[in-house]
Amino acid sequence: MRKDQIPDFIEEIIATGCPITAVGHDMYVFAEIDAPEEDVDRIAEEIQVICDRYGERDHLLLEIVAHLRSLGRFYDLQGETLH
């Protein structure tokens, strides 16, 4: 994945019904498990197709998190909740 593809990647993931969310300032999660039970398998399959199409994205972790945060899609954790 290239940096300029981040907005499209995020948009496609959200369109599946998956609540992709930044956690803090240095990670994000695909929370398809939070989707309605009848949609979990479909969403997981669609996410895999999207991820395969965009390719490796680990090198863009912080940029993806920043984009999610700019969209208001984030959770900030209290320091005492980290393990």
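Arginine 69 lies over the face of phenylalanine 74, 4.1 Å from the ring centre; a charge counts as over a ring if NZ of Lys or CZ of Arg is within 6 Å of the ring centre and within 35 degrees of the ring normal. This is a predicted model, where local features need pLDDT of at least 70, side-chain atom pairs count only at pLDDT 80 or more, and totals for chains, interfaces and linings use all residues. Residues are numbered from 1 along each chain as its sequence is written, and side-chain values use heavy atoms, with hydrogens and water left out.

- Arg69 is one of the buried residues of H3, together with Ile64, Val65, His67 and Leu68; buried means under 20% relative accessible area, exposed over 50%, and partly exposed in between (1.4 Å probe, protein chains only).
- The cover over the buried residues of H3 includes H1, strand E1 (21-23), E2 and strand E3 (74-75); helices (H or I, at least four residues) and strands (E, at least two) are DSSP runs, numbered from the N terminus.
- Beyond its neighbours within four places in sequence, leucine 68 is in contact with Ile10, Ile20, Thr21, Ala22, Tyr28 and Arg73, where contact means heavy atoms within 4.5 Å.
- After H3 comes glycine 72, with a positive phi near 80 degrees.

**The nonpolar core**

- The largest nonpolar core has 19 residues, and Met1, Phe9, Ile10, Ile13, Ile64 and Leu68 touch the most other members; such a core is a set of buried Ala, Val, Leu, Ile, Met, Phe, Trp, Tyr and Cys residues joined through side-chain atoms within 4.5 Å.
- Helix H1 (6-15), helix H2 (40-54) and helix H3 (61-70) are the elements that give two or more residues to this core.
- H2 gives the most to this core, with five residues.
- In soluble globular proteins, nonpolar side chains tend to be buried together.

**Aromatic pairs**

- The whole structure holds three aromatic pairs; rings of Phe, Tyr and Trp (its six-membered ring) pair if their centres lie within 6.5 Å, with planes under 30 degrees apart counted as stacked, over 60 as edge-to-face and the rest as tilted.
- Phenylalanine 9 and phenylalanine 30 pair edge-to-face, at 6.4 Å centre to centre and 85 degrees between the planes.
- This pair links distant parts of the chain, 21 residues apart: phenylalanine 9 is in helix H1, and phenylalanine 30 is in the loop between strand E2 (27-29) and H2.
- Phenylalanine 9 is buried, at a relative accessible area of 0%, whereas phenylalanine 30 is partly exposed, at 23%.
- Tyrosine 28 and phenylalanine 30 have ring centres 5.8 Å apart and planes at 75 degrees, so this pair is edge-to-face too.
- Ring pairs link Phe9, Tyr28, Phe30 and Tyr54 into a cluster.
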